[in-house]
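Me: I'm new to this one and I'd like to go through it with you. Can I ask where the words and values come from as we go?

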Amino acid sequence: DFFMKTWVLPFNKGNAEQKELLGGKGANLAEMTRLGFPVPQGFTITTTACLDYLENQEYLNPSILTEINIAIAALEDETKKKFGNSQNPLLVSVRSGAKFSMPGMMDTILNLGLNDETVLSLAKDSGDERFAYDCYRRLLQMFGNVVFDMDHQLFEKIVADYKQTHQLVSDSDVTADGWKEVIVAFKVLFVKLKQRDFPQNVEEQLLLAVEAVFKSWNNQRAKTYRRLHGISDSLGTAVNVQEMVFGNFWDTSGTGVVFSRNPATGEAGLFGEYLMNAQGEDVVAGIRTPKSIQTLKKDLPKVYLQLKEICEKLEAHYKDMQDIEFTVEKGKLFILQTRNGKRTAKAKLVIALDLFKEGMITEQELIERIEGNDLEEALHPAFCKEDKKEKESWVSGLPASPGAAVGQIYFSADQAVEASKRGEKVILMRAETSPEDIEGMAISEAIVTCRGGMTSHAAVVARGMGICSVVGCENLSVDEKERVAYADGQVVKEGAVLSVDGTTGDVYIGELRLEKNNTQLPLKELFEMLDKQSSIAVRANAETEKDITTAMELGATGIGLSRTEHMFFEKKRLMLFRKLILAQTLEERIAILETLKEVQKEDFKRMYYVAKGHPMTIRLLDPPLHEFLPKNEEEYQETAEFVGKSAKEIKQKANALAEVNPMLGFRGVRLGVAYPEIYQMQAEAIMEAAVESYFELNNWMEVEIMIPFTTDASEFQRIRQLLEERIQEVFHKYNQPVPYMIGTMIEIPRACILADEIAQYADFFSFGTNDLTQMTYGLSRDDSPKIINQYMTHGLMKEDPFQVLDEKGVGALMKMAIEKGRKIKPELKIGICGEAAAHPDSIAFLKDYAIDYISCSPYRIPQAKLLLAKG
Ligand code: PEP
Ligand code: MG
C-alpha cells in the first residue's frame, strides 16, 4: 500500500536486518548508530523510493519529497547546522548503496550544500580559505561527473593546465585564489557542455544528486556488474545522505580504508591504508599512493587504538571480517561505512577457520561460508621457483590478488575482450581501472595497473573475481593510444607475452612455468570437519606416486581407481606391453609376463607406500587396444627391433588385432577371458606387493581388485576363480594371508540390469560412468563432442553428459543397480569412479544416492568434499 511505504529513514531508526529496504550501506550505518559507534548522522532514502521513481518515468513523488525535507530538518536540529545557510551551513555526502555491495558501480558526491555563499562561511569557520575552495571545486567536479555525466578528464585537464601555467607540481600547491580561478573555469564548463549553471540552490543540488543515484541503477556498468554477479535488476538502490566530516582538514585529519583481517591471506590483524589530509575518494581512486595502516600508530596513536578497538567490535558484532571506511577530522575518528569485506578464496578459508576457532561461528556456518569453487581457487597456481630465481622482474607493484598467470597484454578492456574472443589468454594492463573496464577484467588472466593501492578498484575487483593482479607499479607507464607500455627503458607492445605474479607483485617479460602450490592452506583442519558431515567419501583416480601423493594432501580417503594400463604409457614399458600383445604363443607371453610382474609389483609397493593404509582399488588391464598398437612404418620398425621380429610380421599381427570399434572391442574382462594369464599375473603382482608391504609397514593395505567391463555374472565368476587360485598361491608362498576384495566395474547397461546376479559374486561395485554414458546414449566417448555440440545448438541437450552426469537415464540405471545389488548383499560397497561424478551438478543429485564414495582427479577432491558436506 502506497501510504504504508517507507520512503526515507533516519540512521537512528533502522538496523542491519533492513538491507532490502536500506541497502547494505544504509543498514550498516543504522546498525552502527544503534550500537553507539561514532557515525556522522544522516538518513537513507530507501530502495522503495528508488523503485517508485524508476517505475514512474523518473518522477519523484511528493511523499518522497516531503519526507526528504523532514529528514533534512531533523538533521539540521541534530547537527545544529542549517542546509544552505550562510552561517554554519550543513554539508552532506550523498552515496548510493544497494542490497549487495557493488564496488565502484554507483557514485558518490561529497561536500554537497556548498555554493558561492556557503563556501565563504566554511572558509571563515575553518579558518582555512584554501581548504574551503578545494572542497567546493571537488563538489563541482563530482557533481558534474555524476549528475551531468561530464567527463572527469575535462575537469582534471583544467586543474592540470592551471598547475602548468603557474608551474605548480601537486594539487596541494594550489592556493585559495588558485582554486577560485579553477572554479570559474569549471562553471564555464557547465554552461558550455550543459547549457546551464551549476545549481546554487542546495535543495536542487540534493534532489538532482538523489535522482542521479537512482538513475545510475540502470547504467550499463551497473547492469554488467549485476549480470556477472547474478544480482537481480529489480532490487533498486538506496541513497545515503550523511553529514560531512572532513579528512582534508589540516594535518590532523585523514581518511582511509581498513580491513579487520588481511583480505588477501586471511591473516589476523588490521590491514589497510590511509592518506593524511585527504578526502574520501582519494584512497579508493588510487591517485595518491597511500600509507599502510600500521603507520597510523605513529601519525595518530590515539586514533589508531580507537580504530583497532572499533574494528574488533564490529567484527565480533557481524561475526565476519569487516571492510571499514573511516575519516579523521581534526583528530576525531568517524566511521563512514562497514561491510563484510571481499576477500580471496584462500583468505575466506583461513578467516572462516579462525572465526570458528575464536568461537564466533559454528562448524556448520563455516562450511556454509565457503563456496564450491573457493577451494579450487585457493589452490591457485604459482610460478616455478627455479624460473623465478633465474628471471629478473620487469616491473613490480603491490601484490593485490594472488596467483600466477601468463598471457598477452592489452591496454584497453575492449581490446582485451576481442583478443579473448580470438582464444588468446589475456593480461589487461592499464594506468588504473574503473567500472567501465569490468568486462575486460572478467575475461583476463591477470590485471596490472600503474597506479593505486591495495584497495583501489583494480585490486578489489580482481580479488573478488579471483583474478591474479598487481597494482601500483610506479615505474610503469602505459600509452593506450600507441598501444605500448614502458618501464626502465624497455618498451613492450600490445600482444607481448608477460608473466604476472599476484602473490609477490612481480611482472616478468616472457613466459614463466607454472607450478601448483597448495602447501600453506589449512586444508587438513577443514577436511576433518567436512568428512563428519557426509556419509559419501571422496577418493582419487590416480596411479602415479606423484598423483597419489597430491591426492592424499588434497584429502582423498583412498584411491578409487588405479588404471593399470596407464602404467604402460612410458616408452620402455609400452614396448614390453606391445611385445605381450603381439606375442604368438603362450610361452612367449609367459616369459614377458614374468618381467612385467616384477615391474608392476614395484609400482604397487610404491603406491601402497604413499597411500598409507587407505583403501586402494586397482583395476585390472582395460586397454582399448588401439592406444597401444604400433600405428605406422616407423613404429612397426621400432617395435620389430625390440621384439626381435621383422617389421612385416609386426604389421601383420597389428593389423590382425586392429578393431573397427576399439571402444567396444577387446577391452577389460574380455582380455582376461582370452588371456587369463595376464590377469593372473596382475593379481599375483598386486598381492605379492600387498604381503611384502605388510611385512615392511606392519599395516594392512585394503586392496580392492577390480574387474572392468563386466556384462554377466558367469564371466565375472570365471575370472574371480582364476584370480583366487593365484592369490592363494601367493599367500602360501609367503605363508601370510592379507585381506583383499574382488569387485567389478558397472559400466555397461547390461551389468546394471543384472546387478543382482553379479552381486552374488562381487565384493564391490564401482560405476564407470564414462562407459556407462557412452553405452546408455549409444554415443562414442571419442567422437561425441561433434554430436553433442549439434544437440546443444538445437537445444536438445543442456549439458554434455560426459561432463555432468545424466540423472534421468544414466542415473536411473545406477539407481537400479544399487537397489538390485544391495538386495542381494546389503553390505555391498558401492562407488563411482567416472570423473563426471565430481562435477558440482552431478554431486547435487548423487549425494542422495546410497553410495560409499565418489572418485575423481586429485585437484577436484576438496571441492567435491565441500559440496557433499553442504548437504
Ligand atoms: C569409466 O568408464 O567411467 C571409467 C572410469 O573407466 P575408463 O574411463 O578407464 O573407461
Ligand atoms: Mg570404463
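Me: Which residues come nearest to ligand 1?
Reply: Quick note to begin with: this is a predicted model. Of the 13 residues around ligand 1, the nearest are Arg563, Arg619, Gly768, Asn770 and Arg781. To be counted around the ligand, a residue needs a heavy atom within 4 Å of it.

Me: What about aspartate 771 and arginine 667, how far are their side chains from an oxygen atom of ligand 1?
Reply: For aspartate 771, an N or O atom of the side chain is 2.9 Å from a ligand oxygen. For arginine 667, a polar side-chain atom lies 3.2 Å from an oxygen atom of ligand 1.

Me: Which element gives the most to the shell around ligand 1?
Reply: That's α31, with three residues. Both β27 (559–563) and α31 supply at least two residues each.

Me: How do the residues of that shell divide into nonpolar, polar and charged?
Reply: There are three nonpolar, four polar and six charged residues in the shell around ligand 1. Gly goes with the polar group in this scheme, while Arg and Asp go with the charged one.

Me: Now the metal. Which residues are the protein donors of the magnesium ion (ligand 2)?
Reply: Glu747, through OE, and Asp771, through OD, both lying 2.0 Å from the ion. The cut-off for a donor here is 2.8 Å, so a value of 2.0 Å qualifies. The pair ties together parts that are 24 residues apart in sequence, because glutamate 747 is in the loop between β30 (740–746) and α29 (749–753), and aspartate 771 is in helix α31 (residues 769–777).

Me: Why is glutamate 747 called buried?
Reply: Buried means a relative accessible area under 20%. Glutamate 747 has 1%, so the word applies. Aspartate 771 gets the label too, because its value is 2%.

Me: And why does leucine 379 count as buried?
Reply: Leucine 379 has a relative accessibility of 3%, which is under the 20% limit, so it counts as buried. You'll find leucine 379 in the loop between α15 (372–378) and β13 (381–383).

Me: What makes threonine 47 buried, and where is it?
Reply: Its relative accessible area is 5%, so threonine 47 falls under the 20% cut-off. Threonine 47 is in helix α2 (residues 47–55). A polar atom of its side chain lies 2.8 Å from the backbone oxygen of glutamate 20.

Me: Is arginine 261 buried or exposed, and how do you know?
Reply: Buried, because its relative accessible area is 4%. Arginine 261 belongs to strand β8 (residues 254–261). From its C-alpha to that of phenylalanine 249, twelve residues away along the chain, the separation is 29 Å.

Me: Then why is aspartate 149 called exposed?
Reply: Exposed means over 50% relative accessible area. Aspartate 149 has 66%, so it is exposed. This residue is in the loop between α5 (129–148) and α6 (152–165), and its phi is positive, about 60 degrees, although it is not a glycine.

Me: What is phi of aspartate 488, and why is that residue called exposed?
Reply: Phi is near 50 degrees, a positive value in a residue other than glycine. Aspartate 488 counts as exposed because 57% is over the 50% mark. Its place is the loop between β21 (484–487) and β22 (490–493).

Me: Zooming out, how many helices and strands does the chain have, and what share of its residues counts as buried?
Reply: There are 35 helices and 33 strands. Of the 871 residues, 57% count as buried. Along its principal axes, the C-alpha trace spans about 110 × 60 × 55 Å.

Me: Into which domains is the chain divided?
Reply: Domain 1 (2–243), domain 2 (254–343), domain 3 (379–516) and domain 4 (536–752 + 833–870). Between the C-alpha centres of domain 2 and domain 3 there are 27 Å.

Notes
Residues numbered from 1 in each chain as written. Chains lettered and ligands numbered in written order. Predicted model: local features only at pLDDT ≥ 70, side-chain atom pairs only at ≥ 80, totals over all residues. Heavy atoms only, no water. Domains from an automatic or database assignment. Donors = N, O, S within 2.8 Å, 3.2 Å for Na, K, Ca; no water. Helix = DSSP H or I, 4+ residues; strand = E, 2+ residues; numbered from the N terminus. Buried < 20%, exposed > 50% of the residue type's maximum accessible area, 1.4 Å probe, protein only. Polar contact = N/O pair within 3.5 Å; in protein donor to acceptor, adjacent residues only side chain to side chain.
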